[in-house]
Amino acid sequence: MDQTEIFERVVKILNPYVKNQEAFKGISLATHILDDLKVNSARLVDVVLEFEDAFDIEIDDDDVDKVETVGNAVELIEAKIG
Amino acid sequence: MSRRVVVTGLGVVAPNANGVRDFELALRKGLSGIRIHEKMIECGFGSHVAGVPQGIDELAESYFSEDLLLAMNSGHRCGAIAGVDAWKDAGFERPDPDDDRVDWDSGAVLGTGIGGMDTIANAIVPFTDAKRVRRLGSVTVEQVMSSGVSARLSGILALGNQVTTNSSACSTGSEAISMGVDRIRHGLAKRMLCGGVEGASHYIWAGFDGMRVLCRRFNDAPERASRPMSATAAGFVPSAGAGVLMLESLESAQERGARILAEVAGSAINCGGHRVGGSMTAPNPEGVRRCIRAALADARVAPEEVGAINGHLTATGADPKEVHSWAAALECSPSDLPPITSTKSMIGHTLGAAGGIESVACVLMLNGGFVHPSINCEDVHPEIEPYAASIPHTALQTPDLQVVVKAGFGFGDVNACLVFRKWNE
């Protein structure tokens, strides 16, 4: 699975949690999940659970703490699926 | 002098109709919302019938964002739809989620009898037992915390006054309205969205089936199963929904030129103390009578001014006792009892939502000049035969209806009574 495909699936998973639709329209690897998309921080754990299901991986809580941007998420998933 | 409290908006989600207009039509027609509930058959219940509001998920999707819906169980959906409807019915716009202004003068007391049992049963128990707690994510606590239903509405409407959830079994919705009235009377809030909510889930109803208090004799005729005051009443029919009233100080309503639907002239709450025949599951008749009398005294309404009674009347063996208590509280002979009706005959027993939904019915009756029928009791229970003429089997046209009294009695021997008066400009 290449980075573009992972990115597209991450974007799809994030969609229902996004509160700033304007920022979502211009979403890129640099987009900040909490600050730009205004995703409720409590919901990050739910987003991560969906990543796990979608990519059949396990993500440690410590790894979650490092995810701030869409790019961070894509890189983390890429590394996990090897 | 304490402030007068009026009703300026209504919202309702009920098994026989959603929305105020359709609900009024259903009430006038005597339309039953009771249906076969497959899950109850599948799980070996004695009773196979229930009242579930139809099309709630589709309705919720048209009202709320995907993000909100991720953490809204059945009760949240019913309560938030009815709450938003009451708010809009009162002439307010739904605020934009990005608008940071808070309405510090508006609050909510939105009660629930059982709470988020569906979330507990479908998520918390199975995931915890399977040692997969982390899979619960972030969305369960807000659905099972008792105050979740009122908190949800606060977030949607930016309510900044008191926002809380009360719980007093089947008197919950009526109690919530009484609590909101008190807060406005004391000048602590201008507006309170008050009422009750209960989700639709066979897990909520299972314990009642175990108690043998649900109707199991009309599984083949669901629309006839909820039979308050009938000789063949065989237990209550469990159901779900939400009813919310926008309560407002008369001053605030007049200032903004709001349409006034009725006045909440008085209310009372008490508990029978589980004595004189009262228990966890049965009311002390003295407590019931005192509660009704206290509400009338609070409203400064004389017993003979009562134009109609919307009883608790669930279709159990307690109905005849309740009818006797109404006559005793109003100090009237059986032939002088005002029309007495049970909304539950059409929608079943919505538990914590009952007081909310049935109060919506009371306000609609005052406004529309009618008393809705109490269906399925053509065979009036022999113990209340002398009161038979007071039970309407079809809608009564009552253009002069001025006062409707509503009461709710709950497990725990708790009582709540509300006195609604027609608003005359």
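In β2(B), B:A17 is the bridge partner of B:A14. The structure is a predicted model, in which local features need pLDDT of at least 70, side-chain atom pairs count only at pLDDT 80 or more, and totals for chains, interfaces and linings use all residues. Residues are numbered from 1 along each chain as its sequence is written, while chains are lettered from A and ligands numbered from 1 in the order in which they are written.

**Strand β1**

Helices (H or I, at least four residues) and strands (E, at least two) are DSSP runs, numbered from the N terminus. Two strands pair if DSSP finds at least two bridges between them.

With two residues between them, β1(B) and β2(B) form a hairpin. A residue is buried if 20 or more other C-beta atoms, placed from the backbone, lie within 10 Å of its own. Because 10 of the 10 residues of β1(B) are buried, the strand is largely enclosed by the rest of the structure.

**Helix α8**

Helix α8 of chain B, residues 148-157, is mostly covered, with seven of its 10 residues buried. Among them are B:V149, B:R152, B:L153 and B:L157. Two residues are in contact if their C-beta atoms, placed from the backbone, lie within 7 Å. The cover over the buried residues of α8(B) includes α5 (74-89), β5, α7 (141-144), β6 (163-164) and β7 of chain B. Just after the helix, B:A158 takes a positive phi of about 55°.

**Domains and chains**

Chain B is assigned domain 1 (5-255) and domain 2 (267-421), with bounds that come from an automatic or database domain assignment. Their C-alpha centres lie 21 Å apart, and the contact takes 61 residues from domain 1 of chain B and 55 residues from domain 2 of chain B. On the side of domain 1 that touches domain 2, the elements giving two or more residues include β1 (5-14), β7 (191-198) and β8 (241-249) of chain B. On that side α9(B) gives the most, with eight residues.

Ala, Val, Leu, Ile, Met, Phe, Trp, Tyr, Cys and Pro count as nonpolar, Asp, Glu, Lys and Arg as charged, and the others, Gly among them, as polar. By class, this side of domain 1 of chain B has 31 nonpolar, 24 polar and six charged residues.

Technical notes. A residue is buried if 20 or more other C-beta atoms lie within 10 Å of its own, exposed if 12 or fewer, and partly exposed in between; C-beta atoms are placed from the backbone.
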